[in-house]
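Subject: Structure for you, with notes

Hi,

Here is the structure to look over. My notes follow below it.

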Amino acid sequence: MTHHPRLRDPRLRGGPIAIAIALTLASPALAEVKIGFQAPLTGPAATDGVSAKTAAQMAAEKVNAGGGVLGQKIELVTYDDQARTDEAVFTANKLVGQDAVQFAVSGSYSASGRAAAPIFQKAGVPFISAYGVHPDITRSGNYAFRGVHLGPPQGRAAAKFVGDNLGLRRVSIVTMDNDYGQATVEGFKSAVDQFGIKVLGEYSYSLKDRQFGSIVASVKRDNPDAIYVTGYFFTAAPLVSQLRSAGIRAPIVGSQAFDAEKLLEIAGPAVEGVYIVGGLDRDRDMPELKDYLAEFQKRAGYAGENVGATVYSAIRLMADAITSAGTLDQAKVRDALAATHNFPHLAGELVSFNALREINMPMNVNVVKDGKFHHHAWIDDLKLLAPPTE
Amino acid sequence: MLYYVDLAFNGLIFGCMYALMAVGLTLVYGLLRILHIAHAAVYAFGAYVAVIVANGTGSIAAGFAAAMVAAACLGMAIYRLLYQPLLGYPPYVAMIASIGLLVFMEDGFRIAFGEQGLTFAHNPYPTQLHEFAGLTVNTVQVAIIAAAVVCLTLLALFTTRTRLGIAWRATVSDAPIATSFGVDAVKVRYLNFAIGSALAALAGALIGLLNNFVEPTMGFVVSYKALAIIVLGGLGNLQGTLIASLVLGLVESYGTIFVGRYLDRDAIAFLFLIAVLIVRPKGLGGIKTA
Amino acid sequence: MSAYATSVLAIIGINVMLAVSLNMITGFCGQFSLGHAAFYGAGAYAAAFAAGAGAPAPLALLAGVIIAGLLGIVVGFASLRLRDDFLAVTTIGVSFLFVGFVRKQPWLGAEMGMSKIPSSGLGSEGNALLILACALLTIALSLYVNRSWMGFGFRAVGDDEDTARTVGISVGAYKLVAFTLGTAIAGLAGGLYAYFTQFIVPDTFGFIVSVTLMAMVVIGGTGSTIGVAIAAVALTLLPEVVRFTNDYRLLIFGGLLVLVMRFAPGGLAGLGRAVLVKARGK
């Protein structure tokens, strides 16, 4: 395109406004790639929603700082789905209909991801569920991907950790009674024979509970070698605290959702020595991770955890797929996503997606030492972790 | 065997917690026939004041004192600004307004203090353990039981031995007659809200201390249970409410272990409520007294 | 019509059906029910289960209506023994019991809910139009009942039970009819919802929904069909229209409830009447 010297100084021309408009319309820098983003900004899941939104914004900015995708900037169109299915449906329809997003990421919980996925699938919008674990999300169709381990592989990994790494046999299970907790425990139980584990007792609690006296008494009676617990920080912290207060010394192995700074703040010294299967390895020697953690702490005011990391990586993954597809054509980007290999996910090396667009990726196990999360072990038996293919 | 004692003891702690909460609720109902659902917001408010003042001054005792005083003021304000003008209307008007206030305040806590909640900066109590009779308890659990016993005893003495207390009971039983005897009904109402709210704040602060965690929605969970309790106890009946609190605590403690596979915790509590009401539609308390 | 507009219309229709049917129980007949979401849910799950078992849409919807209605009769019986606040708290209990039960039943999908509900064959827009038609029918029915002898009976019971009894009105029968009618319609709404979204989870039918429905009735003006319908539409649209205030959504909702109750306890209908009276007075 030749430069006309006259245009450089619009004041010299009559009708400067018309020219300014022409310039604006012709400028490629303002064409943007819209990525739809859903997160539970209000409601019971608001803590994770805020993490998700912060992380997503950081990822988008990082991508744009590096030149964007195919020379264009990405723009996040964010909606609050309140972790509710009908809001997820509304906002997904809005993203697809009114906002005409070309790609979408869910930074929300299972049920909303499950409700939104078919809408994106029908509209041919490549979609990544960053950390929502409802199994039917990826079954919605070949445009739906998941960026986190499903519940059952997490449970199986925990069984291997308890049986092989810790060498312990008699286990009591305490689980939250939502879909995530139930699915994870099913996975754990499916692998107990393989690792020589005997389940002494299984107890469940509601996400609203903060006092676990009856469960603690039951675990005390079981007298297990180890305790496997699923829960989010607001239930895990009081539960671990109360288990220890009751004089129970057995090692506690927690699920992925334990992995939040708030856990340490609430439970204090009681959480020392607790293992977390699927926690974020903050010690990893990865420059992008270190930058992410520093920046996230600055923006959010608390330390980064799994939710934020998975959302950040999901946005990066989508941008990466667009770049490697070399086009904004949604079908080609979908194919590029499916063909992802060895992607530098913040939580580990994302080896590949399987036929059902679930991740093949090793799982980290953290331990709480000196009041901080530290890497303890990797579970990299990808066959054990293998997600279903249909 | 120890296991069942352990479960019973835990039920007792739940029960004491519920009692501190429910007393305020039943006092308000007894006096005004209003289901003061916003009481749960006062409970949460107490917890927030306690943790903020404690962290700011370094003294947990100061936090508790501030919480009770502030909550008493809040309770009286709620009466004056919200309920008093609505006394002439059908009771559901006040109830809906109360629900609205609860939702408003709980979201206000979230916006003001963050979704993640607050923790006490220096709180060694939940991990201070004491052994007795084979049970292990921590300092805060002991405090909860002590607080419940002390406060309720004081309340009982107050309503039976002091002039103001007797005037209060009279007003609850029969307001017009009490007034004709020279009792200032309005003063009694303010007292009612002040005491009930202070107790709720104490309960909230204790729970915040016990969990080392104060969160915006902490009131919701307890609010419905407290309603169930005062209905179980026979609306307006103080002794009934206490009995119902303890019974519900025990039912939940045993119920979640043995029936937890089929029903979740809230459902168990309400199933128990409904079962009792089928047999005794007026609740466990019987005749209404203050 | 865009998918978004379709989904908004559908949810408006559902909320209108739910609020107007609740108004029959609470507004007309004076039986305070904070458990309406349980009947909505019962209808949804019954229809979803029947559809999954192979029943065609009309039959599945009928299943929803019947199951919800039966549950309504049961609760109706409770209302015979319990008055006012006891009843209110019992209905709260019903709301929690429903969710607490469903969440633990694997055959109802437990926590994961029931997904892949078969299509009704009408398509998205067709479903939405069906819902709107049912909503209009519900309003019409409600207006008709209000003017009929049944409505008179309801109001007598709602205003003063004891006096109604002395005048020879069969209080128990009217209460049961009110509950059955209101809950059956809620069940229909549930079935329609299940077909529209093809995915239901227990949380959709929790206590907060019961509270929201009651808020619609009270803000609309307890007893006024049109007022309640308008309130249902407005409260459904409000969060969509003022999305920029989304972070303060609950604050606004709670504040609205407080303000309306404090300054206009008659709701929209009450305000409407006051305006009319003033206009005539001029």
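How many residues of domain 1 of chain A are in contact with domain 2 of chain A? Nine residues of domain 1 touch twelve residues of domain 2. Two residues are in contact if their C-beta atoms, placed from the backbone, lie within 7 Å.

Before the rest, some ground rules. This is a predicted model: local features need pLDDT of at least 70, side-chain atom pairs count only at pLDDT 80 or more, and totals for chains, interfaces and linings use all residues. Residues are numbered from 1 along each chain as its sequence is written, while chains are lettered from A and ligands numbered from 1 in the order in which they are written.

Domains of chain A

Domain 1 of chain A covers 31-149 + 284-357, and domain 2 covers 151-277 + 366-385. These bounds come from an automatic or database domain assignment. The two domain centres, taken over C-alpha atoms, are 28 Å apart. On the side of domain 1 of chain A that touches domain 2 of chain A, four residues are nonpolar, four polar and one charged. Nonpolar means Ala, Val, Leu, Ile, Met, Phe, Trp, Tyr, Cys and Pro; charged means Asp, Glu, Lys and Arg; the others, Gly among them, are polar.

The sheet in chain A

Five strands form an open sheet in chain A, in the order β2-β1-β3-β4-β5, with parallel pairing. Helices (H or I, at least four residues) and strands (E, at least two) are DSSP runs, numbered from the N terminus. Strands pair if DSSP finds at least two bridges between them. β2 (73-80) and β5 (144-146) of chain A each have a single partner strand, so they stand at the edges with one side lacking a neighbour in the sheet. β4(A), residues 127-129, pairs with β5(A) over three bridges. There, Phe127(A) has Ala144(A) as its bridge partner.

α3(A) lies across β1 (32-39) and β2 of chain A, at about 170 degrees to β2(A). Axes are lines fitted to C-alpha atoms, for helices over the stretch in contact; angles run from 0 to 180 degrees between N-to-C directions.

Chain B contacts

Chain A gives 29 residues to its contact with chain B, and chain B gives 27. The chain A side has twelve nonpolar, ten polar and seven charged residues.

Chain C puts 30 residues in contact with 34 residues of chain B. α4(C) gives the most to the chain C side, with eleven residues. That side has 20 nonpolar, five polar and five charged residues.

Best wishes
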